[in-house]
2 protein chains.
Amino acid sequence: PGSREAVRKLKASGLKLRFCTNETQATREKFVEKLQHLGFDILVSEVTAPAPAACRILKERNLRPHLLVHDGLVPEFDRLDKGNPNCVVLGEAADNFSYQNLNEAFRVLIGLENPILISLGRGRYYKETDGLKLDVGVYMKALEYACDIQAEVVGKPSKMFFQSALVEMGVEPQEAIMIGDDIVNDVGGAQQCGMRALQVRTGKYRPCDEQHPEVTPDGYVNNLAEAVDIILKQLDK
Amino acid sequence: PGSREAVRKLKASGLKLRFCTNETQATREKFVEKLQHLGFDILVSEVTAPAPAACRILKERNLRPHLLVHDGLVPEFDRLDKGNPNCVVLGEAADNFSYQNLNEAFRVLIGLENPILISLGRGRYYKETDGLKLDVGVYMKALEYACDIQAEVVGKPSKMFFQSALVEMGVEPQEAIMIGDDIVNDVGGAQQCGMRALQVRTGKYRPCDEQHPEVTPDGYVNNLAEAVDIILKQLDK
């Protein structure tokens with residue numbers, strides 16, 4: 001409760017704001033449409049997602065990707081040169097994960113002197129209405145084993161992903177705070193990157209998170225609205 | 001040279017003999033036909049291959065397999081009960097490794113209280129006339145990660161595989177000797193099982209095998225014919 005209003009207040013305060021998601025089945029456009037429909041004041045340019053973060057990395061390192069991703073995600077890579085690929089980008093591709101397609105990605109990698117595999121997440125599986133589905137991490141492990149390499153993972157909790165969000169806002173890690181419901185992917189990942197992080201006691205939060213063996217948030221809040229109130233009070237001081 | 005004659009001499013000596021192969025694309029029948037065509041005195045009942053070894057294990061442990069294997073291999077499992085599966089058997093399945101098929105195997109495993117995955121080998125890739133192809137080990141790793149389990153590997157160099165061959169002959173490990181060209185899969189695997197092992201300096205043998213950091217054969221021979229001559233001389237004493 002109060003999340004829509006909290007986002008509005010944050011924006012009015014002048015603080016810089018990014019929405020960080022691990023969504024890789026669709027473009028940011030589709031994702032934002034859904035949230036706008038729920039009444040959120042959100043723009044595509046305010047979303048940090050694995051695909052655009054990967055695009056930034058590809059451009060910086062002059063990488064031309066061979067894509068093995070969901071059809072819905074392909075437009076995110078429209079502006080990149082994909083001829084004569086020198087790396088593979090792997091996303092949650094569902095039925096596109098055929099033997100032929102995986103083999104093609106493998107042949108690109110094994111043919112490279114320095115094989116680079118960029119994976120948009122490391123999830124094992126997720127749930128859809130018709131049952132459990134294998135996620136991108138499973139195919140990442142497959143290609144890692146085939147080529148005896150380590151993938152670079154883009155998306156929470158990777159440091160690289162949070163760094164992308166910071167670069168987009170133009171702020172340093174110690175100037176930023178993460179608010180999330182996932183103790184490892186949101187809180188742990190942001191802290192690894194040098195940011196502070198609050199865990200909300202909503203969504204996928206579980207009471208046992210407060211005894212997590214590796215991650216301790218900088219604070220707990222009951223929900224996003226409370227987090228925003230605390231932050232804005234600090235700002236007033 | 002002299003391999004066909006060596007096999008004939010071994011059989012005439014009365015020693016028990018098994019042919020151990022990691023072939024999983026076709027039934028033993030197809031494999032034996034090929035060797036018979038090359039002039040070898042070999043019967044299907046003398047071949048130890050991963051699929052029949054897996055069948056033996058499945059029967060012993062009352063396991064009903066869900067199969068994800070090459071179409072050519074399915075007849076090896078004809079006699080097994082495959083209803084209401086309580087394990088998954090994975091072979092080199094090529095185009096049968098679709099997202100849907102892998103997901104189906106995953107759902108069987110994740111739905112089991114004690115998920116059992118039996119993999120017919122752990123190879124990364126192999127070479128065919130039209131290029132490199134992903135092998136069964138890659139999909140084994142994928143399912144291991146998805147379900148957070150360890151597969152049981154049947155086939156050389158697994159101990160279980162050599163034990164199957166010994167059981168089929170009715171001999172103890174210390175009564176048996178392995179002759180092979182693969183320092184790890186043939187020699188190392190057999191020795192792990194308590195057998196002695198000779199490496200032939202033919203086939204995939206490479207001079208650097210003689211400096212292998214982990215495996216030292218009980219002896220080297222120039223070829224199968226020489227190995228058989230040495231063994232039969234011992235027998236005469």
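1. Let's start with the loop between β8 (152-153) and α6 (159-169) of chain A, where Pro157(A) lies. Helices here are DSSP runs of H or I with at least four residues, strands are E runs of at least two, and both are numbered from the N terminus. The peptide bond from Lys156(A) to Pro157(A) is cis, with omega near 5°. As background, most peptide bonds are trans.

2. A word on the ground rules. This is a predicted model, in which local features need pLDDT of at least 70, side-chain atom pairs count only at pLDDT 80 or more, and totals for chains, interfaces and linings use all residues. Residues are numbered from 1 along each chain as its sequence is written, chains are lettered from A and ligands numbered from 1 in the order in which they are written, and side-chain values use heavy atoms, with hydrogens and water left out.

3. Two loop residues of chain A are worth a look for their backbone angles. Asn84(A), in the loop between β3 (65-68) and β4, has a positive phi near 45° although it is not glycine. Asp148(A), in the loop between α5 and β8, has a positive phi near 55° and is likewise not glycine. Asn84(A) counts as exposed because its relative accessibility is 62%, and Asp148(A) is exposed with a relative accessible area of 62%. (Exposed means over 50% relative accessible area, buried under 20%, partly exposed in between, with a 1.4 Å probe and protein chains only.)

4. Which residues touch the most other members of the largest nonpolar core? They are Leu90(A), Tyr139(A), Leu90(B) and Tyr139(B), in a core of 56 residues. Such a core is a set of buried Ala, Val, Leu, Ile, Met, Phe, Trp, Tyr and Cys residues joined through side-chain atoms within 4.5 Å. In each of chains A and B, β4 (87-90), α4 (99-110) and α5 (136-147) each supply at least two residues of this core. A second, separate core has 21 residues, including Cys55(B), Leu63(B), Leu67(B) and Ile118(B).

5. Now the interface: 29 residues of chain A are in contact with 29 residues of chain B, contact meaning heavy atoms within 4.5 Å. About 2,700 Å² is buried between the chains, with carbon and sulfur atoms giving 63%. (Buried area is the accessible area, with a 1.4 Å probe, that two parts lose on being put together, summed over both.) In chain A, Tyr99(A), Leu134(A) and Tyr145(A) lose the most area to chain B, together 32% of what that side buries.

6. Finally, helix α7 (residues 183-192) of chain B has Ile183(B), Asp186(B), Val187(B), Gly188(B), Gly189(B) and Ala190(B) as its buried residues. These pack against α6 (159-169), β9 (177-180) and β10 (196-200) of chain B. After α7(B) comes Gly194(B), with a positive phi near 95°.
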